[in-house]
Amino acid sequence: MFAKTLKILGYILLYAGIALIFFGYASTLYFQGFAALRDLHNPYNITNYLAVVITLAPGLALIWVSGWLKTKSQNNEVEK
């Protein structure tokens, strides 16, 4: 039950992070133009990639932990 709750919370955080990233890209495009959005997606712009990873990490981590807990609980049930 706890693993399922963590998985749901993880997906909520993941989708919220994706929406936040797209909102940031849309606001950059609207307020600063296409050139700023192009500069944001520059392959040498490490800070953008770091920001995306930091934004998506909590949701992905919770989904991973929920899967780990589920397999661990299944292994404990098999041993009993």
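Reader: How many aromatic pairs does the structure hold?
Author: In this predicted model, the structure holds two aromatic pairs. In one of them, Y30 and F31 have ring centres 5.0 Å apart and planes at 80°, so the pair counts as edge-to-face.
Reader: Are Y30 and F31 buried or exposed?
Author: Both Y30 and F31 are exposed.
Reader: Okay, and which residues form a nonpolar patch on the surface?
Author: That patch is formed by Y11, Y15, I18 and F22, which together have about 420 Å² of accessible area. F22 sits in helix α1, residues 2-32, and is exposed, with a relative accessible area of 55%.
Reader: Switching to N48, where does it lie, and why does it count as buried?
Author: N48 lies in helix α3, which covers residues 46-79, and it counts as buried because its relative accessibility is 8%, where the cut-off is under 20%.
Reader: What is N48 in contact with, leaving aside neighbours within four places in sequence?
Author: With those neighbours left aside, N48 is in contact with Y25, L40 and H41.
Reader: And the overall fold, which elements are there?
Author: The protein has three helices and zero strands, so that from the N terminus on the elements run α-α-α. Its radius of gyration is 18 Å, whereas a compact globule of 80 residues would have one near 12 Å, and its C-alpha atoms fill a box of roughly 60 × 20 × 10 Å along the principal axes.
Reader: What share of the residues is buried?
Author: Buried residues make up 21% of the 80 residues.

Key:
Residues numbered from 1 in each chain as written. Predicted model: local features only at pLDDT ≥ 70, side-chain atom pairs only at ≥ 80, totals over all residues. Heavy atoms only, no water. Patch = residues over 30% accessible without salt bridge, like charges linked within 9 Å, V, L, I, M, F, W, Y side chains within 5 Å. Areas by Shrake-Rupley, 256 points an atom, 1.4 Å probe, with all protein chains shown as cover. Salt bridge = Lys/Arg side-chain N within 4 Å of Asp/Glu carboxyl O. Helix = DSSP H or I, 4+ residues; strand = E, 2+ residues; numbered from the N terminus. Buried < 20%, exposed > 50% of the residue type's maximum accessible area, 1.4 Å probe, protein only. Contact = heavy atoms within 4.5 Å. Phe/Tyr/Trp six-rings, centres within 6.5 Å; stacked < 30°, edge-to-face > 60°. Rg over C-alpha atoms; globule rule 2.2 N^0.38 Å.
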